[in-house]
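This report concerns the aromatic rings of the structure shown below and the contacts between them.

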Amino acid sequence: MGMKKKVNILLSTYNGEKYIEQQLNSLLAQTYENIDIYIRDDNSKDHTIGIIERIIKENKTEKQIYILDNHHQNLGYPDCFWELLDKCQEADYYSFCDQDDYWEPEKIEKAVGMLESLHTPGLFFHAYEICDEKLNCNYVYTYPKKTIEVNDMLFWVFAQGFSLVLNKELKELVQKTMPKGKQLPHDIWCLWVAYINGQIVFTDEVLAKYRRYEGAVTTTHGSLFTKVKGAFANELFGNRLREFQYRFDLLLDLYGTNMKTETKNALTIYSTRNHGFLAYIKKVFYGKRIMPSVMGEIVFRIAFLFGKI
């Protein structure tokens, strides 16, 4: 048998000394062998780099770990991930990784197995456990539908960055248009580019533990109170919906001629290109559900009613 295709794991770190060893050990324990791990530290002030360097010295596996030169820069999220995607060596598959989670040993094996059957730009994601600081499972998140529709894509991030694996074809497409410096999350952009130009595959098998704790760099899946409070602050009284509009405008500019009619119509409704009373009615009474929870749906519809987008 020939050598398996190369997988690059792209790990961004920042003051991650508390959990980085456990996460790195879970990457080195992957059953899939042909893996290179690229780490870009965002100018940590703790012992993160020292721990990584020790693990590199102690590594007995065939997997390689590389620390990218950060030029003493703190890029912040999400540009730290864009930099990793831009600076790593070429591979067949690319997987984003957070510093404080834990991957099940078969994660990469399962991802490659599903992506290998695709002949288009492809993206894989999986179910995961939402855990506390000690990795005790609070509940399991899995995508609740059999297929992905454009209304699911609009305002709901249904797959977190650490669960994504991209094939080479998708990576090259994403790399051509990745909006560095514009604060557009890498996971959201990859999902959209895959949805418009290729194919998204997923499994309800749990392949990672997603650690949630105070001080985490990325946050999601909080309590109901936290979600409701955040929704009111951002959608009703903040300007986050304008960020969505920027995203939709950019997608229409780049891929408008390649989109399915349904996708283009949905993006146009909520873009800055849609004005007037008829446009207002279309936004408020859009015919499909756009959020997974009833409360989320209500908050967004009220925001549309008050002209927040």
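## Basis of the description

A residue is called buried if its relative accessible area is under 20%. The model described here is predicted. A pair of aromatic rings is described by the distance of the centres and the angle of the planes.

## Aromatic pairs

The count of aromatic pairs comes to 27. One of them joins Phe-125 and Tyr-143: the ring centres are 6.0 Å apart and the planes stand at 90°, so this pair is edge-to-face. Phe-125 belongs to strand 6 (residues 122-131), whereas Tyr-143 lies in the loop between strand 7 (137-141) and helix 5 (150-155), so the contact ties together parts that are 18 residues apart in sequence. Phe-125 counts as buried because its relative accessibility is 2%, and Tyr-143 counts as buried at 6%.

The rings of Tyr-128 and Tyr-141 also form a pair, with centres 5.1 Å apart and planes at 35°, so this pair is tilted. Tyr-128 lies in strand 6 and Tyr-141 in strand 7, so the pair ties together parts that are 13 residues apart in sequence. Tyr-128 is buried, with a relative accessibility of 1%. Tyr-141, at a relative accessible area of 12%, is buried, because the cut-off is under 20%.

## Ring cluster

Ring pairs also link a group of residues into a cluster: Phe-155, Trp-192, Tyr-195, Phe-244, Phe-248, Tyr-270, Tyr-286, Phe-300 and Phe-304.

## A lysine over a ring

Trp-103 has Lys-107 over the face of its ring, at 3.6 Å from the ring centre.

Methods
Residues numbered from 1 in each chain as written. Predicted model: local features only at pLDDT ≥ 70, side-chain atom pairs only at ≥ 80, totals over all residues. Heavy atoms only, no water. Phe/Tyr/Trp six-rings, centres within 6.5 Å; stacked < 30°, edge-to-face > 60°. Helix = DSSP H or I, 4+ residues; strand = E, 2+ residues; numbered from the N terminus. Buried < 20%, exposed > 50% of the residue type's maximum accessible area, 1.4 Å probe, protein only. Lys NZ or Arg CZ within 6 Å of the ring centre and 35° of its normal.
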